[in-house]
Amino acid sequence: MEAYQFLDNIGKGSFAKVYKVLRKADQKVFVAKEMEYGRMSEKEKQQLVNEVNILRELKHPNIIKYYDRIVDKQTQKLYIIMEYCEGGDLAQFLKKLKKDKEYLPEESVWKIFSQIVQALCEIHKRQNKILHRDIKPANIFLDKTVKLGDFGLARMLNINSEFAHTQVGTPYYMSPELIEDHKYNEKSDIWACGCLLYEMCSLQPPFQAQNYLALAMKIKQAQFDNVPQQYTSEMKRVISWCLSVNQDQRPSVDDLLNLPRISIRLREKR
Ligand SMILES: CNC(=O)c1c(C)[nH]c(/C=C2\C(=O)Nc3ccc(Cl)cc32)c1C
């Protein structure tokens with residue numbers, strides 16, 4: 001990492017530390033996500049490299065750009081160099097709104113949501129489809145555009161990996177099919193989008209509980225309170241649609257792109 005100067009430790013991504021770094025050659029600012037690979041199996045290491053190589057192909061205004069990967073054999077650390085977003089992440093933004101007892105105007109909710117749906121369209125529609133697997137406010141970054149980042153690299157980790165079990169945090173956005181141990185698929189990303197839309201309105205996740213079992217029960221029954229009354233019935237309809245327990249009844253990415261509040265934005269972009 002000699003080519004970069006570490007500026008600040010700015011947080012924790014999944015399985016990793018995140019630093020703000022300066023590229024010495026041109027004084028440009030990036031983010032370096034530091035992952036310790038020493039405890040990974042050979043298979044996990046190769047899959048991680050494959051995964052990062054796929055992500056480096058992604059070029060979209062609503063997806064965090066991957067620039068480089070640097071392996072430090074001495075410390076057995078992998079650094080993924082990515083785009084820096086001055087506005088930080090959506091989780092911090094919503095936390096501040098909650099502290100200031102302010103709600104996000106509906107127009108802003110749709111603006112953020114429409115960009116995340118466009119990012120999902122980009123990764124779901126690829127020939128070698130990519131699922132995000134970890135859509136949540138902490139993985140959405142604010143800059144001139146809204147950007148989806150920190151893809152769930154956990155996919156390639158097998159569940160026996162000690163590394164995989166270092167994932168911390170409550171699985172608020174876990175879908176009913178995942179609780180039932182079924183395969184993660186694009187409709188699981190759509191469920192997470194429903195949780196995201198709900199949380200942008202209510203400033204808290206739709207499903208919360210004191211323990212995992214109680215949380216799982218609420219998720220499997222899609223039991224959630226209404227969002228604050230100032231949001232429209234269209235907002236409530238789309239949230240309920242995404243949070244359909246039966247994944248076949250959830251909207252596709254195309255259904256979401258064709259929503260009036262999203263399609264109008266896409267037409268304006270053209
Ligand atoms: C207080 N937080 C910040 O100031 C902050 C800022 C300005 N940017 C970030 C985070 C990222 C950022 O700016 N780009 C990123 C790409 C990938 C990942 Cl995992 C994280 C980031 C953070 C956490």
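Me: Which polar backbone atom is 2.7 Å from an oxygen atom of the ligand?
Reply: That backbone atom belongs to cysteine 85. Keep in mind that this is a predicted model.

Me: OK. And what lies 2.8 Å from a nitrogen atom of the ligand?
Reply: A backbone N or O atom of glutamate 83.

Me: Which residues around the ligand come nearest?
Reply: There are 13 residues around the ligand, and the nearest are Ile10, Glu83, Tyr84, Cys85 and Gln92.

Me: What classes do the residues of that shell divide into?
Reply: Eight are nonpolar, two are polar and three are charged.

Me: Changing topic. What is the volume of the second largest pocket?
Reply: Its volume is about 170 Å³.

Me: Which residues line the second largest pocket?
Reply: The lining consists of Pro61, Asn62, Lys111, Ser114, Gln115, Gln118, Thr145, Arg265 and Lys269. Two elements give two or more residues to this lining: helix H3 (106-124) and helix H9 (260-269).

Me: Which one gives the largest share?
Reply: H3, with four residues.

Me: And how does that lining split by class?
Reply: It has five polar residues, three charged and one nonpolar.

Me: Now serine 263. Which helix is it in?
Reply: Serine 263 is part of helix H9.

Me: Is serine 263 buried or exposed, and why?
Reply: Serine 263 counts as buried because its relative accessibility is 14%, and buried means under 20%.

Me: What does the side chain of serine 263 reach?
Reply: It reaches the backbone oxygen of proline 260, at 3.4 Å.

Me: Last one: where is arginine 133?
Reply: Arginine 133 sits in the loop between H3 and strand E6 (140-142).

Me: Why does arginine 133 count as partly exposed?
Reply: Arginine 133 has 26% relative accessibility, so it counts as partly exposed. That class runs between the 20% limit for buried and the 50% limit for exposed.

Me: How far is its C-alpha atom from that of phenylalanine 151?
Reply: The C-alpha atoms of arginine 133 and phenylalanine 151 are separated by 6.9 Å, while the two residues are 18 residues apart along the chain.

How values were computed. Residues numbered from 1 in each chain as written. Predicted model: local features only at pLDDT ≥ 70, side-chain atom pairs only at ≥ 80, totals over all residues. Heavy atoms only, no water. Near = heavy atom within 4 Å. Polar contact = N/O pair within 3.5 Å; in protein donor to acceptor, adjacent residues only side chain to side chain. Nonpolar A, V, L, I, M, F, W, Y, C, P; charged D, E, K, R; others polar. 1 Å grid on protein atoms, 1.4 Å probe; cavity = no way out; pocket = protein on both sides within 12 Å on 5 of 7 lines; lining within 4 Å. Points joined across faces, edges and corners; volume = space filled by probe spheres on them. Buried < 20%, exposed > 50% of the residue type's maximum accessible area, 1.4 Å probe, protein only.
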